[in-house]
Amino acid sequence: MKISYYPGCTLKLKAKNLELAALASLQALGIDVEEMDRWNCCGAVYSLTDDDLIHHIGPVRNLVRAKERGADKLVTLCSMCYNTLARANQLMKTDTVKRDTINRFMDDEIDYFGEVEVIHYLTLLEEQVGWDKIKEKVTAPLTDLKVAPYYGCTLQRPQDVGIEPMGSFRLMTGLLEAIGATVVPFNSADKCCGSYQVINAPAGDNDAAANVINAAASAGIEALATSCPLCEYNLGKQQDQFMAKGKITANVPTFYFTQLLAMALGVNPEVCHFELNDMKAVQLLEAKKFQVAA
Amino acid sequence: MTLPINAQNVSIVSIEKINKLSGENVKLCMQCGTCTAACPMAEEMDFFPRKVMHLSQFGMLSLMNDINTYWKCASCHSCSVRCPRGIDIAKVMEALRQLVLRTSKNYIEPSQMPAEQISELPQIAMVAGFRKLTS
Ligand code: SF4
Ligand code: SF4
């Protein structure tokens, strides 16, 4: 089976820590994925107006590229890319009229009928390795780290593309437990972080994100694990401003789940690029005596 | 606040426009308020999602011109997955945004964003935000 990997824009720039830790972990686990040699921005959000087909061209073109290369599956990491690609794929699979228009519009490309399966990295891990095998490969378990999976919106909604049903956080919980962390559930794991509204609000004004931090802190959670660069920014990088505005009273550092995985697998910590996280994240790891520098 | 329902602000054409753009049928809404309860942005909205659904049922676009509800919507689909009538409210919000954006009006001006903010934001924040808030 051939698995193509779609990185997306943010992972090549602001969220290198998400990508590099993920790829190093796959290597440590012996999984082969091939990064697409040509890809374009997925558009970050799936177009929701019924007559707007032009904005589906971006994600569909990536799916066409994957089909051309003979991929059975297309794996992504960024939650927003996952959502946009999976929804566009769903459209091409089920809406024959729109599919026809899109295929005819892209007459320079091969026709696409939704053949490639879009999956998230977490699904890939469960399908290709499994939590038991991951557990065996852990060399530096995250003992005593109280962490909660934070899914946000786009991993689970809408339900027909969700990586698992609403209210279930089985995949990331399974992974975090396998790497030795203590998983603490909380009631805001699928609450929105405010998403793109951050471009329209002064720093630290995002109540949706502050509410999530407060819920995590009161559940006794020390760290949040996410797979979305926008969640990571809204939750992880705004905490000083939230604190200054009195919106939160305790910090809850945010990590990409791939950084935690790579750490537990004993990957060189430099690959995790913790310097791209908020300083509080690094301080927490140091306080727990985890290795954050080579 | 009392909002009058009269011949000036009720518009069947507008109801049709909202339904056509969203692909939904706003008449199905039974005004239960589940969407408002599920909405993470509700506190910041001028009118709650339930009320916007009500105004949409009458096509009262003129009363929704100056409210921030659909601009504050984060397209999180928290309402859509819970609506007991199966309405994808996120799509109705998008339709309301598009009705304005398609008159070449921007809700935010990218050129006015502080350079410092632009250099800090992850790329997806800007791609997504510009797609939702600019024409
Ligand atoms: S949840 Fe659905 S039915 Fe209830 S008020 Fe909102 S749109 Fe109407
Ligand atoms: S999609 Fe928009 S209206 Fe619905 S819950 Fe999310 S922010 Fe509120």
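Contacts between the two chains of this predicted model involve 41 residues of chain A and 46 residues of chain B, contact being defined as heavy atoms within 4.5 Å. About 3,400 Å² is buried between chain A and chain B, 61% of it on carbon and sulfur atoms; buried area is the accessible area (1.4 Å probe) that two parts lose on being put together, summed over both. On the side of chain A, the greatest losses of area to chain B fall on Leu48(A), Tyr196(A) and Ile199(A), which together account for 23% of what that side buries.

One salt bridge is counted between chain A and chain B (a side-chain nitrogen of Lys or Arg within 4 Å of a carboxyl oxygen of Asp or Glu). A salt bridge joins the side chains of Asp51(A) and Arg102(B), with an N to O distance of 2.7 Å. The side of chain A that touches chain B comprises 22 nonpolar, ten polar and nine charged residues, where Ala, Val, Leu, Ile, Met, Phe, Trp, Tyr, Cys and Pro count as nonpolar, Asp, Glu, Lys and Arg as charged, and the others, Gly among them, as polar.

The shell around ligand 1 contains eight nonpolar, three polar and two charged residues. Of the 13 residues around ligand 1, those that come nearest are Cys29(B), Cys32(B), Gly33(B), Cys35(B) and Cys83(B); a residue is near a molecule if one of its heavy atoms lies within 4 Å of it.

Residues are numbered from 1 along each chain as its sequence is written, and chains are lettered from A and ligands numbered from 1 in the order in which they are written. Local features need pLDDT of at least 70, side-chain atom pairs count only at pLDDT 80 or more, and totals for chains, interfaces and linings use all residues, while side-chain values use heavy atoms, with hydrogens and water left out.
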